[in-house]
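I opened a new notebook page for this one.

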Amino acid sequence: MDTVLTRDHLVAAEFIRGGGVVAFPTETVYGLGADLFNEEAIRKIFAAKQRPQDNPLIAHIGDLSLLDRVASEVPPFAARLIARFFPGPLTLVLRKRDEIPLIATAGLDTIGVRMPGSELARQFLAACETPVVAPSANLSGRPSPTTWQAVFEDLNGRIDCILQGDPTEIGLESTVVDCTGDRPIVLRQGGVSLDELRSVVPDATADESEERSNRSPGLRHKHYSPKARVLIVGTPADLTGDFEQSAFIGLTDPGVGFAEKRIVPDLRHYAHELFEFFRECDRREIATIYCEAVSEDGIGAALMDRIRRAAQD
Ligand code: TXA
Ligand code: MG
């Protein structure tokens with residue numbers, strides 16, 4: 001299949017309306033979208049990404065009026081989170097409407113809903129005139145794409161269209177919060193921190209329990225991994241040895257010679273650059289990537305979560 005590259009959101013939206021799959025930028029990472037009510041189109045997402053069928057997709061809406069077509073009920077605490085954080089990097093898991101095909105939710109009776117914050121995403125979604133389900137637009141298991149070129153690298157020839165926008169602002173995926181119980185439970189850390197959630201719903205909590213991977217099926221699968229081995233370092237100044245085949249990313253310049261080195265001024269930049277740095281290292285066939293550990297404040301929690309997952313074998 002030829003993949004059409006376009007900067008025109010109307011061209012991209014036309015592919016969605018015709019039952020195609022389209023990669024589009026959001027403020028977190030690029031997503032790979034299809035019409036939520038078109039089973040055939042959704043199948044193409046799983047095929048293009050080689051995504052396991054048991055991993056549910058997030059429904060993206062450009063406008064709050066579409067929420068009713070996705071969720072069958074919105075508890076009051078979820079409504080407060082929506083009022084504060086939509087549009088933004090937050091996904092709420094809610095009871096789904098019966099009409100939604102089970103392939104979208106991997107058989108669950110719940111669905112993740114989010115309203116992206118970037119202007120181009122909202123224009124595109126508005127033109128689609130339907131909720132758009134979208135996982136991250138990478139081949140399954142690879143780092144999520146933060147540029148249209150990264151989408152192209154993974155999916156050219158496998159999808160109908162790429163809407164070419166700027167590099168994504170945040171660079172890590174949205175925070176996923178289960179809202180089907182009596183209080184919000186964070187299933188995946190992301191652009192909205194637990195403290196921010198608590199400022200609106202004080203009893204919001206992180207889910208560290210055993211059943212976590214049952215509630216968020218995506219967590220069962222290997223994620224965010226470059227081909228290189230990833231090692232986490234506490235104190236870069238202590239690194240000694242031969243790093244000619246290695247790369248480093250972090251806040252503190254380790255001084256020693258690496259094949260590839262990225263020193264970032266703060267956590268926001270670290271998050272923004274991490275996945276693209278992983279991909280750049282793979283392009284250069286780097287063997288080992290050293291990532292500096294950071295404090296888990298604000299975006300730091302999501303950042304360390306992604307680095308730990310990448311470091312898992
Ligand atoms: O920022 C993002 O969330 C990006 C952009 C494109 O919106 N999307 C994204 O999608 O990261 P994906 O499919 O790569 O990750 C979705 C995560 C997975 O961990 C999945 O298991 C979880 O959300 N999820 C989706 N629907 C769920 C549901 N009904 N119940 C529990 N977890 C769910
Ligand atoms: Mg993903």
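I began with Arg283 and Glu280, which form a salt bridge with their closest N and O atoms 2.8 Å apart. For me a salt bridge is a side-chain nitrogen of Lys or Arg within 4 Å of a carboxyl oxygen of Asp or Glu. Arg283 and Glu280 sit 3 residues apart in helix α10, so about one helical turn separates them. Helices here are DSSP runs (H or I, at least four residues), strands are runs of E (at least two), and both are numbered from the N terminus.

Next I checked cover. Arg283 is partly exposed at 37% relative accessible area, and Glu280 is partly exposed too, at 24%. My cut-offs were under 20% for buried, over 50% for exposed and partly exposed in between, with a 1.4 Å probe and protein chains only.

A note on ground rules: this is a predicted model, where local features need pLDDT of at least 70 and side-chain atom pairs count only at pLDDT 80 or more, while totals for chains, interfaces and linings use all residues. Residues are numbered from 1 along each chain as its sequence is written, chains are lettered from A and ligands numbered from 1 in the order in which they are written, and side-chain values use heavy atoms, leaving out hydrogens and water.

Then I looked up Arg284, whose salt bridge to Glu260 has its closest N and O atoms 2.4 Å apart. This pair links distant parts of the chain, 24 residues apart: Arg284 is in the loop between α10 (267–283) and β16 (288–292), Glu260 in strand β15 (residues 260–263). Arg284 is partly exposed at 44%, whereas Glu260 is buried at 12%.

Another pair I noted was Glu173 and Arg306, a salt bridge at 2.7 Å, N to O. They are 133 residues apart, with Glu173 in the loop between β9 (161–163) and β10 (175–178) and Arg306 in helix α11 (residues 299–311). Are these two buried or exposed? Both are buried.

Last, the whole chain. I counted 21 salt bridges. The secondary structure comes to 11 helices and 16 strands. Buried residues make up 58% of the 313, and the C-alpha trace spans about 60 × 50 × 30 Å along its principal axes.
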